[in-house]
Every structure is written in C-alpha cells, then in structure tokens.
Amino acid sequence: MTMAMGITKSVGSVLCLRTALNRCPPLSPSSSFFGQRRSKAQCWGIWMRTQGIAVFTQRNGYMIRAMGTGAENNGGSIDSEYDYDLVAIGAGSGGVRAARFAAQFGARVAICELPFATISSDETGGVGGTCVLRGCVPKKLLVYASSFSHDFDSSQGFGWSYDTEPVHDWKTLISNKNVELKRLTGVYKSLLQKSNVTLLEGRGKIVDAHTIEVKGKRYGAKHILVSVGGRATVPKMPGSELVITSDEALDLPSRPNKICIVGGGYIALEFAAIFRGLGTEVHVFVRQPKVLRGFDEEIRDFVTQQMSTQGVVFHFGESPTAIEKNSDRSLTLVTTNGSERADTVMFATGRAPNTKNLGLESVGVKLSKQGAIEVDEYSQTNVDSIWAIGDVTNRMNLTPVALMEGMALAKTIFGNEPTKPDYSFIPSAVFTQPPIGTVGYTEEKAIEEFGDIDVYTSSFRPMKVTLSGLPEKTFVKIIVDATTDKVVGIHMCGDGSPEIMQGFAVAVKAGLTKKQFDSTVGIHPTSAEELVTMRTPTREIRRKSDQSQAKKEEAVSSTA
Ligand SMILES: Cc1cc2nc3c(=O)[nH]c(=O)nc-3n(C[C@H](O)[C@H](O)[C@H](O)COP(=O)(O)OP(=O)(O)OC[C@H]3O[C@@H](n4cnc5c(N)ncnc54)[C@H](O)[C@@H]3O)c2cc1C
C-alpha cells in the first residue's frame, strides 16, 4: 500500500499512542527533540516512528496509522544533523501545501515568508501568497462587485425599477476586501500552526545546499524548497515608473474614470472587465492582433466581441512606447499608433519568477533564460537537496497546479511515494464578463495532435437575456478525436462557464467519448445542457495521412 496514512478498523495487537504516552519517553536530548520544542505526544510520535513502531491514533471510530516518514527509502528521514527536514522559502499556494503535507508525513518543517502587505515588494508579501492576497481571491471579489451592474441592467426586463441609479462605493469594496485578506492570511497561519509547521517571518536566502538564512539567523535543512512565486514586471520605457500593475489595481484609493490597460493576457482582460463593470472607460492595448494567446481561436474572437459590446475599446497591434504625466495629473499612454489620455495606466504584460537575490547562483541552481528555476519531473533542481514548485518554475502558473506540485513533492520526499505532477487536461478559467471555461486541446492543437477531429459548436442567447434584451451570447465548443471518439477539448464563454467546466473537466480527463456525452441526460433549462445535446458536427476536419490511418487501426485494435 502506497498511501501515507493507512486506515484500519482492527484494534487487536495495535500499540495505541494513548497507552504509549503513559510510559516514560526515553528522550534524548531531554525536553526538546533534535533542537525543536515539542509536546510530549509529538516526541513520542517521532521517537516511535524513528524506531519503526507504527503509531495509531483514534479518529471517528477508526484507528489511523501514521506511517513512517518514508525517509528510510528516499533520504527524507528525521536527521539530527539539521534543524529541519524541510525548509520552504515562500508561503504561497505551493509552499504552504508542501509544508503542511510534509509535516503530516512526520517531517520537521519550517516555512519562511515576508511580512504582510497588499502590494508585494522585495520586503513584503504575506502568508497565503499571490493567489490569496494579490491574485485569484481579491480579483474574484472585484469580479463579483463589478458583475452587479450587469444584473442591474438585466433586471429591468424582469420588471424591476429603481427611483435612482445604483451607486457603487469603491472605498467600501476595497476596505471590505482588505478585511477579508487579513482574515485569510490569519487562516493560513493557523493552518501552518495546526500542522506543526514553524513560521519564520522575514526574507529567506539560501546560504548553501543545506542552509538558509532569515533575518540574520541560519537554519540547517535536509531539504530546501523554493516556492517564492513570481511578480509582475513592467518593461522599461520613458515614464514606466508612472504605471500600475495588478497588485496596485486591486488596492487603488479610488476607481479611475478612465484606464488604459496594456496586455492581452487573462489578467489584462479580467481587469478590463472589472473596471468596465464598475463604470470606468476602458481601453485595452494588445501588441498582437488578438487577445488570449494560446486559447482556442474562436474563444479569443468571441470574448473580444462580447467585451466590445459592453464598451471595452480594444487597440490591436499597438505597443506602448512611453507614458507622460500631464499638468492635471492624468497620464498619456503613447503607443506605436497614437496616444490615449487616462487617469490610470496599468501594465499586465507579464510576470517574472522571484529568483533574484535568493542565493541560488551561489549554490549553482540552474535557471532558465527567463530566470525560472529548472526542475525535473519531481520538482528537484540540479542540486539534490534543493527543490522548487509553483510559479518560480514557470511550468503552468495557476494555483491548483502549485498545490498539485506541493502535494506531489511532499509525497516524493516524505511519503515514500515518488509522485510526478500530472499536467494533462488541466482546466482553467478567465473571469471576464462573460467568463471563459476551458479544458483540453484547442481546435488548432487538436488538429496537430490527432489529425482527424470533429468540432461541435453552438452560439446562443442564454435564457436570462431573453427578457433583459441585452446583446449577450454564449458560445460552446466540443472537440472530438474522430479516431477514438474521445472528447479532447471543451471551450465555453458565457455565464457560469468556469463552474460548468470544472465538472466537465472530470469527464474529459477520464477520457469519455462523445457517445457517452450524448447518452448523458441534460439538466433543463441550463446553458450546460448544450454540452450533452450537440449532435451534428459543425465541421469534420480530416488529414488523410498514413499517420492518422495507423492511429485509427491502433485505436480499433485496442478497443477490440
Ligand atoms: C492578478 C492575478 C490573478 C490570478 N488569478 C488566478 C486565478 O484566477 N486562478 C489561478 O489558478 N491562478 C491565478 N493566478 C496565479 C496564482 O496566483 C499563482 O499561480 C499562484 O499564487 C502561485 O503560487 P506559488 O506558491 O508558486 O507562489 P505565490 O503564491 O506567489 O507565493 C510565493 C510567496 O513567496 C514569498 N516570497 C518571495 N520571495 C521570498 C523570500 N525571499 N523569502 C520569503 N518569502 C518570499 C512571496 O511573498 C509569496 O507570498 C493569478 C495571479 C495574479 C497575479
């Protein structure tokens, strides 16, 4: 059995922790264990595991066996030579997950993190990291805030009327959001504490392959985990110090009346939707001819058209060259095609891994050209004792991916279960209005990969807008590998798409066929039912090559 926690109902010959605690622990050194202050129960637990004695605790009527650290086999053992078995630098999504699970496997773990602030810098961060404090969470709160305007607009067709127009107070939103962030960072701290992970507050730096330094104090670590994430970057140009990034956009003292957003990625579009929904005039400047590079082409076009109907102005093929400050304190964004004056200019042009001044060069950890830490499939760097996960490795910069990598790492080092993160069919969302949900291959990538594909598309007016009269539409697309009938991609832009896609991602990941989709009864009336009722392909794409014929034969023989 490979699971770290084995659960059994048999109590027969079990050595129960409670019984063990009634005896005197043969601890050495006396009240601390390898330099760590620990409770009597913890000392016993650790001692018994190091002696190879199974530890059982009782929970919900089950005897739960805490297995060994796994270190016997893979070098993750409790080792008095070091202060900790694992020290993580950076308590964001990945670091916290890895630290907590490593501790649950019995490892002695510390994690270091910069002091809390809503805006990140070399000296500030906060337990919880980007997602909780400057990414997914505060952004989604602002998305909710902004989506009300859409609901107010829709409501009139359903008979609602107001004597005065609803008024939004930005200050209330931001101050409530900040209260929530403080609560969340507290929740994360308490999760670490409950998992017996020691929090070291301050900037962590690697001194050597087994030592890190925080606020001038050094700590020995059998394993070091670098989970420092990334930060927004702004390209250098005249006036670039005048612009804001997503960090500041989430914490502005007042809502701009007009904003220029530079960038065509998901962060740029999400902020464009947020500000537009709250009533700001929004201009988006995209160097490329389209937004959302890497997404399905039809989705890219559809979301642009939908956002345009809501009043977002797109400037394609325009790059910024300078930012100028005007006498009325407004800014002018100068581009390759002209200029635009606004209260605020935001750059969402990219993020860079936080690898500067971490001491990585001094121990010879290999970095990519973009400054990301290079790791193998188990997240191990070229220095055996140093590991890296999350955005700092620039593999797939999403919170659930950092969580998966953190979990896999804990299992690999301390769970006696070498685990590679699985990057196949990771669903994702863009919280624009309307939002996007997507999983699997785009049509373009599916053609490259499978050759023969069937594409099902549907574009319709969702029921909610029939009475409101708003021009909103929903678009759905299913991509099927024609050889195997497996659904290999789903893309959707419309109300509820991210929620819908989470469920359908299970089906796609499980390799279900279009026939199985078709045999599923829909839920009526929903937009999601479209995904199980599209019967006729919009197009059948065939690459009549020997390769696709060979694939077909292979698929037929494997299902025979
Ligand atoms: C605006 C925005 C919106 C996003 N929206 C989504 C979304 O909707 N869904 C999604 O899945 N992902 C989203 N992301 C991405 C997601 O936030 C990241 O992928 C995720 O946070 C990465 O986790 P991580 O553990 O690698 O790093 P982080 O969460 O960035 O954590 C790294 C931590 O390390 C700390 N640190 C850095 N250097 C040091 C040091 N020397 N010493 C001590 N501590 C240090 C930092 O302060 C930080 O807390 C968004 C990101 C942004 C910027």
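**Chatting through some strands and helices**

Trainee: How do strand β22 (residues 428-430) and β23 pair, and over how many bridges?
Mentor: β22 and β23 pair in the antiparallel sense, over 3 bridges. Strands count as paired if DSSP finds at least two bridges between them. Strands here are DSSP runs of E with at least two residues, helices are runs of H or I with at least four, and both are numbered from the N terminus.

Trainee: Anything I should know about the model and the numbering?
Mentor: It's a predicted model, where local features need pLDDT of at least 70 and side-chain atom pairs count only at pLDDT 80 or more, while totals for chains, interfaces and linings use all residues. Residues are numbered from 1 along each chain as its sequence is written.

Trainee: Okay, back to β22. Which residue stands opposite A429?
Mentor: That's G437 in β23. The two strands form a hairpin, with 5 residues between them.

Trainee: Is β23 (residues 436-440) largely enclosed or left open?
Mentor: Enclosed: 5 of its 5 residues are buried, so the rest of the structure largely surrounds it. Buried means 20 or more other C-beta atoms within 10 Å of a residue's own; 12 or fewer is exposed, in between is partly exposed, and C-beta atoms are placed from the backbone.

Trainee: What about β23 and strand β26 (residues 487-493), how many bridges there?
Mentor: 5 bridges, in the antiparallel sense. T438 stands opposite H491 in β26.

Trainee: What's the strand order in that sheet?
Mentor: This open sheet of 6 strands runs β22-β23-β26-β25-β24-β27, with antiparallel pairing. β22 and β27 (539-541) are at the edges with a single partner strand each, so one side of each has no neighbour in the sheet. At that β27 end, strand β24 (residues 453-460) pairs with β27 over 3 bridges in the antiparallel sense, and the bridge partner of V455 is R539 in β27.

Trainee: New topic: β13. Which way do β13 and strand β14 (residues 281-286) run?
Mentor: They run parallel, joined by 5 bridges, and I259 stands opposite V282 in β14. The chain gets from β13 to β14 through helix α9 (residues 266-277), a right-handed β-α-β crossover. Right-handed means that, with the strands pointing away from the viewer, the path from the first strand over the helix to the second runs clockwise.

Trainee: What's the bridge partner of C260 in β19?
Mentor: V345. β13 and strand β19 (residues 344-347) run parallel too, with 4 bridges.

Trainee: Now helices. How far apart are the end C-alpha atoms of α4 (residues 93-104)?
Mentor: 17 Å, which agrees with the 16 Å that its 12 residues should span at 1.5 Å a residue. The expected span is 1.5 Å times one less than the number of residues. Also, 11 of the 12 residues of α4 are buried, and just after the helix G106 takes a positive phi of about 105°.

Trainee: At what angle do α4 and helix α7 (residues 170-194) pack?
Mentor: About 25°, with their axes 9 Å apart. Axes are lines fitted to C-alpha atoms, for helices over the stretch in contact, and angles run from 0 to 180 degrees between N-to-C directions. α4 and α7 are therefore roughly parallel (under 35 degrees; over 145 is roughly antiparallel, 65 to 115 roughly perpendicular, the rest oblique).

Trainee: Is their crossing left-handed or right-handed?
Mentor: The crossing of α4 and α7 is left-handed: the near helix is turned anticlockwise from the far one by less than a right angle, while clockwise would be right-handed.
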